[in-house]
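Biologist: I'm new to this structure and would like a close look at one part of it. Could you pick a spot, walk me through it, and then show me a few other places worth a glance?

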Amino acid sequence: MDVSAIGVVRSSLKDVAVAPKNEFEGAPMATIELKTPYLAGLDGVQPGTEIIVLTWLHQADRNVLAVHPRGDASREKRGVFSTRSPDRPNPIGIHRVAVLGLDGGRLTVSNLEAIDGTPVIDIKCIRDRNREQAFAAGIAPNDGNALIEAGRLAWQRGLVAGFNGNLSLRQANTCIITASGCAKGHLKPSDLVALDIDSGNVIGGTAKASTETGLHLEIYRRQPEAHAIVHCHPPHLLSLSLLQTASPLLSPPLYEADVFRNMLTQVPAITPGTQELADAAGDAATRTRAVFLRRHGLVCWGTSLIEALGLTEEMESLARIQLLMRG
């Protein structure tokens with residue numbers, strides 16, 4: 001059996017010890033440099049295409065058959081075939097990424113956790129017709145679908161209504177955000193816009209980005225742990241804030257209330273869509289994961305959309321309990 005490298009990964013990741021375990025744990029954009037004899041194989045690959053990249057994890061220990069999951073010595077060892085450990089008899093890496101750019105034999109791809117210099121042994125195009133949608137350049141299909149699903153869940157749970165609220169994801173140095181005036185429970189690929197986080201310039205999509213884009217960008221700029229943001233108008237929390245102006249906002253006598261109350265910061269009433277509000281929210285997000293905007297709504301950030309959405313639900317649930325206590 002003969003397997004030859006068709007290319008190599010070029011990445012800012014240099015050390016296996018500090019590289020993310022998965023692409024959604026902060027893996028950066030990277031470049032795949034294909035060798036000249038294999039360039040014809042790229043015919044049909046274009047920006048927006050979702051691909052599987054197979055790599056040869058060249059620094060792996062091929063004699064390992066059992067590992068501590070995620071390198072955590074406090075956890076019992078498991079067989080490598082039940083883990084994603086790079087150490088294994090045949091160290092093949094599998095990476096699901098989106099093609100963000102193509103220049104000759106150089107592919108710019110999203111969220112690749114392989115380190116610089118990792119050999120690439122194959123590339124396969126994903127043809128999942130149930131998920132395949134026409135996302136704009138700069139928007140990885142898996143991220144686009146995650147935003148569409150999160151919008152639907154937020155709408156089903158009554159956290160957003162009509163056209164209010166906005167959601168976003170960080171993809172390396174790109175912010176993918178919902179467009180202005182779109183129904184979050186019925187999002188389409190054309191309802192998503194990609195922007196450069198540093199400059200704020202649009203790099204993908206034709207719709208107008210949310211009027212609260214500045215708020216999302218400021219949180220991403222100031223809080224490096226934020227990879228997803230949910231901004232919604234939860235009715236019970238808003239109702240409670242209008243009835244109760246004193247702090248703390250959430251005060252039901254429940255053990256869990258203490259935990260989530262300490263995760264919430266309040267920002268005074270500031271006109272929505274302004275840089276003043278964006279700066280205030282961005283500063284507050286450096287201290288807590290949830291920011292309540294007086295007379296406006298709630299902003300929660302997390303390492304994933306599910307995490308940010310879950311925190312939003314917790315805050316809304318506690319507010320509902322507190323209102324029910326009032327009778």
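This is a predicted model: local features need pLDDT of at least 70, side-chain atom pairs count only at pLDDT 80 or more; totals for chains, interfaces and linings use all residues.

Modeller: Let's start with Ala172, which is partly exposed, its relative accessible area being 24%. You'll find Ala172 in the loop that runs between strand E9 (166-171) and strand E10 (174-178). Its backbone deserves a look too: the phi of Ala172 is near 60°, a positive value in a residue other than glycine.

Asn111 also has a positive phi, of about 40°, although Asn111 is not a glycine. Asn111 sits in a loop as well, the one between strand E7 (106-109) and strand E8 (119-125). Here the relative accessible area is 12%, under the 20% cut-off, so Asn111 is buried.

Now for a couple of threonines. Thr31 belongs to strand E2 (residues 30-34), and with a relative accessibility of 13% it counts as buried. Who are its neighbours? Leaving out residues up to four places away in sequence, Thr31 touches Val8, Val9, Arg10, Arg106, Leu107 and Thr108.

Thr274, on the other hand, is partly exposed, at 26% relative accessible area. Look for Thr274 in the loop between strand E14 (264-267) and helix H5 (275-284). Gly214 is 60 residues away from Thr274 along the chain, yet their C-alpha atoms are separated by 7.7 Å.

From there, turn to a pair of helices. Helix H2 (residues 213-222) packs with H5 at an angle of about 35°, and the two axes are 8 Å apart. On the H2 side, the contact is made by Gly214, Leu215, Glu218, Ile219 and Arg222. H5 brings in Gln275, Leu277, Ala278, Asp279, Ala281, Gly282 and Asp283. Sort the residues of this contact by class and you get five nonpolar, three polar and four charged. As for its handedness, the crossing of H2 and H5 is right-handed.

Last stop: the largest pocket, with a volume of about 820 Å³. There are 31 residues in its lining, and Lys21, Leu57, Arg84, Ser85 and Pro86 are the ones that lie nearest its centre. Strand E6 (residues 92-103) gives the most to this lining, with four residues. By class, the lining of the largest pocket is made up of 13 nonpolar, 10 polar and eight charged residues.

Note on methods: Residues are numbered from 1 along each chain as its sequence is written. Side-chain values use heavy atoms; hydrogens and water are left out. Helices (H or I, at least four residues) and strands (E, at least two) are DSSP runs, numbered from the N terminus. Buried means under 20% relative accessible area, exposed over 50%, partly exposed in between (1.4 Å probe, protein chains only). Axes are lines fitted to C-alpha atoms, for helices over the stretch in contact, and angles run from 0 to 180 degrees between N-to-C directions. A crossing is left-handed if the near helix is turned anticlockwise from the far one by less than a right angle, and right-handed if clockwise. Contact means heavy atoms within 4.5 Å. Ala, Val, Leu, Ile, Met, Phe, Trp, Tyr, Cys and Pro count as nonpolar, Asp, Glu, Lys and Arg as charged, and the others, Gly among them, as polar. On a 1 Å grid over the protein atoms alone, a cavity is a set of points where a 1.4 Å probe fits but cannot get out, and a pocket is an open set with protein on both sides within 12 Å along at least five of seven lines; lining residues have an atom within 4 Å of a point. Grid points are joined across faces, edges and corners, and a volume is the space filled by probe spheres set on the points.
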